[in-house]
Amino acid sequence: MAMNDYILISTLNDFIFCPYSIYLHNVYIGGEEDLIHAVPQTQGKASHATIDNKTYSSLKDEITNLSVCCNEFGIVGKIDIYKGKEKLLLERKYKLEKIYQGQIYQLWAQYFCMLEMGYDVEKLAFYAILTNKTFFIDIPTKENKIELANFILKFKQFNPELPIHINENKCRHCIYCNLCDKIEMENVYT
Ligand code: SF4
């Protein structure tokens with residue numbers, strides 16, 4: 001598999017939101033990231049800032065901001081925190097009112113990367129910074145693994161030229177709203 005056939009784990013959730021947004025992201029990724037990122041995403045990014053700067057923890061037991069890859073699935077990405085003693089893989093979010101399936105797929109994807117890379121992971125969790133709450137997620141079963149593989153296949157086979165189902169409510173909150181040629185409406189954040 002060529003490296004550019006690999007997909008970014010961070011885009012799995014966006015693909016569920018709207019597959020066409022991935023296409024737009026790829027088209028504009030080389031452009032002005034700050035200009036196309038509206039308020040909610042920027043807030044999420046800020047909560048990752050301390051981890052990205054590797055300042056979250058100096059404890060040897062914790063690995064932060066590790067680049068990970070899984071050849072079996074053809075995915076690449078980064079994990080937030082791996083706590084070696086607890087064998088815990090943790091993903092921090094600024095706000096977490098509801099955990100979406102796409103976010104679970106992302107954590108599963110990170111998990112399979114860690115396993116392939118030789119790490120021992122027994123627990124998965126999300127951590128909400130705003131409410132200081134931890135939400136544990138089950139380790140994926142064999143069926144979950146097949147579900148994730150099928151989802152990734154769908155992602156890789158997506159054809160942006162085909163018509164898509166438009167959900168106006170989603171489009172209104174989409175950061176690519178102003179760039180999208182599938183719809184004609186104004187972005188609520190502008
Ligand atoms: S504006 Fe709508 S159709 Fe276009 S990428 Fe966003 S959600 Fe998808």
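Asn71 counts as exposed, because it has 11 C-beta neighbours inside 10 Å. Asn71 is found in the loop between strand 2 and strand 3. Its C-alpha atom is separated by 8.0 Å from that of Glu116, although the two residues are 45 apart along the chain.

Residues are numbered from 1 along each chain as its sequence is written. This is a predicted model, in which local features need pLDDT of at least 70, side-chain atom pairs count only at pLDDT 80 or more, and totals for chains, interfaces and linings use all residues.

**The chain as a whole**

The secondary structure comes to seven helices and six strands. Helices (H or I, at least four residues) and strands (E, at least two) are DSSP runs, numbered from the N terminus. Read from the N terminus on, the elements follow the order β-α-α-α-α-β-β-β-α-β-β-α-α. Of the 190 residues of the chain, 22% count as buried.

Contacts tell us how the chain folds back on itself. Two residues are in contact if their C-beta atoms, placed from the backbone, lie within 7 Å. Among contacts between residues at least 6 apart in sequence, 63% join residues at least 24 apart.

How confident is the predictor? The average pLDDT of the chain is 83, and 78% of the residues score at least 70; pLDDT is the predictor's confidence in each residue, from 0 to 100. Over residues 30–43 the pLDDT is below 50, and this stretch has twelve contacts in the model beyond near neighbours in sequence. Where pLDDT is low, the predicted coordinates should not be read in detail.

**Two nonpolar cores**

A nonpolar core is a set of buried Ala, Val, Leu, Ile, Met, Phe, Trp, Tyr and Cys residues joined through C-beta atoms within 7 Å. The largest one here has 24 residues, of which Leu89, Ala109, Tyr111 and Met114 touch the most other members. Helix 1 (12–17), strand 2, strand 3, strand 4, helix 5 (101–116) and helix 6 (142–156) each supply at least two residues of this core. Helix 5 gives the most to this core, with eight residues. Leaving aside residues up to four places away in sequence, Ala109 touches Ile9, Leu12, Phe73, Ile75, Gly77 and Leu148. Another core, of eight residues, lies apart from the largest one, and among its members are Leu24, Cys171, Cys174 and Ile175.

**Around the ligand**

Which residues are closest to the ligand? The shell holds 13 residues, and the closest are Cys18, Ser21, Cys171, Cys174 and Cys180. Here a residue is near a molecule or strand if its C-beta atom, placed from the backbone, lies within 6 Å of it. By class, the shell has ten nonpolar, one polar and two charged residues. Ala, Val, Leu, Ile, Met, Phe, Trp, Tyr, Cys and Pro count as nonpolar, Asp, Glu, Lys and Arg as charged, and the others, Gly among them, as polar.

Helix 2 (19–28) and helix 7 (168–172) each supply at least two residues of the shell. Helix 2 gives the most, with three residues. The buried residues of helix 2 are Tyr20, Ser21, Ile22 and Leu24, and what covers them includes helix 1. Arg172 lies in helix 7. It is partly exposed, with 14 other C-beta atoms within 10 Å. The C-alpha atoms of Arg172 and Ile183, eleven residues apart along the chain, are separated by 10.0 Å.

**A hairpin and some positive phi angles**

Strand 5 (residues 123–128) and strand 6 (residues 133–137) pair in the antiparallel sense over five bridges; two strands pair if DSSP finds at least two bridges between them. Ala125 stands opposite Phe136 in strand 6. The two strands form a hairpin with four residues between them, and Asn132 in the turn has a positive phi of about 55°.

Most residues other than glycine have a negative phi.

Terms used:
A residue is buried if 20 or more other C-beta atoms lie within 10 Å of its own, exposed if 12 or fewer, and partly exposed in between; C-beta atoms are placed from the backbone.
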